[in-house]
Structures are given as C-alpha cells and as structure tokens.
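Colleague: I have just opened this one and could use a guide. Could you walk me through it?

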Amino acid sequence: MAEEWFDMHYTYILKCVDGTYYTGWTTDLEKRLKAHNEKKGAKYTKNRTPVSLVYYETFETKQEALRREYAIKQMTRAEKTDLIGRQNSSALSLIPS
C-alpha cells in the first residue's frame, strides 16, 4: 500500500519521570504521547510516567523515521542530551505535554 503524500512520520524522544530517555516513532505525536502517559505506550515507559516530549523530527516516510530512531538509540545519553538541547524549543510548544 502506497503512503499518502500528506502522512508525516515522527521520530521522538521522551523524558521519563525517572530522568531516562525513550526514543520511538509515530505518525501522531499527540496521540502517542497520550498513550505513553496512560500507560498504553511502550513497555519501557509504562512504569516511568509521566513522560514529556523533549525532541522530535519529521520525515516523509516510515523508513526514514525508523532509520533515525535506530540512529538515536545508538547514541550515548550525552549525545542525546546535546541533540535535545539543539532542538528549537518553540516547535515543542505545538505539542501539549
């Protein structure tokens, strides 16, 4: 099935209540963040709520988002923290936490 031209794919990083980071991908950031905070998201975040969105990137295809998710998961915590620090904070204000 071909992807629609308007579908967006996101790679994101959440900060968990225990200070750890979780990286994932989705097509709907708001819905995914809500799922994580309702303990219906990933197993990793289930007992680490509330979580907050601290970083995201957009991609045209699922494959690009998944490649970026993998690349971020290979980063050290310090590299992830640096990446998050470079994110434009005004863009994050579009997504409720």
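Colleague: To start simply, how many helices and strands does the chain have?

Modeller: Keep in mind that this is a predicted model; in it, the chain has five helices and three strands. Read from the N terminus, the elements follow the pattern β-β-α-α-β-α-α-α.

Colleague: And in what order do the strands sit in the sheet?

Modeller: The three strands make an open sheet in the order E2-E1-E3, and their pairing is antiparallel. Strand E2 (21–26) and strand E3 (52–59) are the edge strands, each of them pairing on one side only. On average, neighbouring strands of this sheet are turned by 20 degrees against each other, if direction is ignored.

Colleague: How many bridges are there between E1 and E3?

Modeller: Strand E1, which covers residues 9–15, pairs with E3 in the antiparallel sense over seven bridges. As one example to look for, His9 has Phe59 in E3 as its bridge partner.

Colleague: Which helix packs on the sheet, then?

Modeller: Helix H4, residues 77–86, packs on the sheet and touches E1, E2 and E3, with its direction at about 60 degrees to that of E2.

Colleague: Which residues of H4 are buried?

Modeller: Lys80, Leu83 and Ile84 are buried in H4. Viewed down the axis of H4, the buried residues fall within an arc of 100 degrees, so they line one face of the helix. Those buried residues pack against E1, E2, E3 and also helix H3 (62–73).

Colleague: What does the face turned away from that buried side carry?

Modeller: That face of H4 carries the exposed residues Ala78, Gly85 and Arg86.

Colleague: Switching topic, which residues make up the largest nonpolar core?

Modeller: The largest nonpolar core has 11 residues, including Tyr10, Tyr12, Leu14, Cys16, Leu33 and Leu53. At least two residues of this core come from each of E1, H1 and E3, and E1 gives the largest share, with three residues. Apart from that core lies another one, of seven residues, among them Ile13, Val54, Tyr55 and Ile84. As general background, nonpolar side chains tend to be buried together in soluble globular proteins.

Colleague: Now the backbone. Which peptide bond is cis?

Modeller: The bond from Thr49 to Pro50 is cis, with omega near 0 degrees. Pro50 itself lies in the loop between helix H2 (43–46) and E3.

Colleague: What about Lys39, where does that one lie?

Modeller: Lys39 lies in the loop between helix H1 (29–37) and H2. Phi of Lys39 is near 60 degrees, which is a positive value in a residue other than glycine.

Colleague: Why does Lys39 count as partly exposed?

Modeller: Lys39 counts as partly exposed because its relative accessibility is 43%, whereas a residue has to be under 20% to be buried and over 50% to be exposed.

Colleague: Last one, for the chain overall: what share of the residues count as buried?

Modeller: Of the 97 residues of the chain, 38% count as buried. The chain exposes about 6,300 Å², and carbon and sulfur atoms supply 51% of that area. Among contacts in the chain with a separation of 6 or more, 58% are between residues 24 or more positions apart.

Definitions and conventions
Residues are numbered from 1 along each chain as its sequence is written. This is a predicted model: local features need pLDDT of at least 70, side-chain atom pairs count only at pLDDT 80 or more; totals for chains, interfaces and linings use all residues. Side-chain values use heavy atoms; hydrogens and water are left out. Helices (H or I, at least four residues) and strands (E, at least two) are DSSP runs, numbered from the N terminus. Buried means under 20% relative accessible area, exposed over 50%, partly exposed in between (1.4 Å probe, protein chains only). Contact means heavy atoms within 4.5 Å. Accessible areas come from the Shrake-Rupley method with a 1.4 Å probe; for residues, only the protein chains shown count as cover. Two strands pair if DSSP finds at least two bridges between them. Axes are lines fitted to C-alpha atoms, for helices over the stretch in contact, and angles run from 0 to 180 degrees between N-to-C directions. A nonpolar core is a set of buried Ala, Val, Leu, Ile, Met, Phe, Trp, Tyr and Cys residues joined through side-chain atoms within 4.5 Å. The arc is that of the directions from the helix axis to the C-beta atoms.
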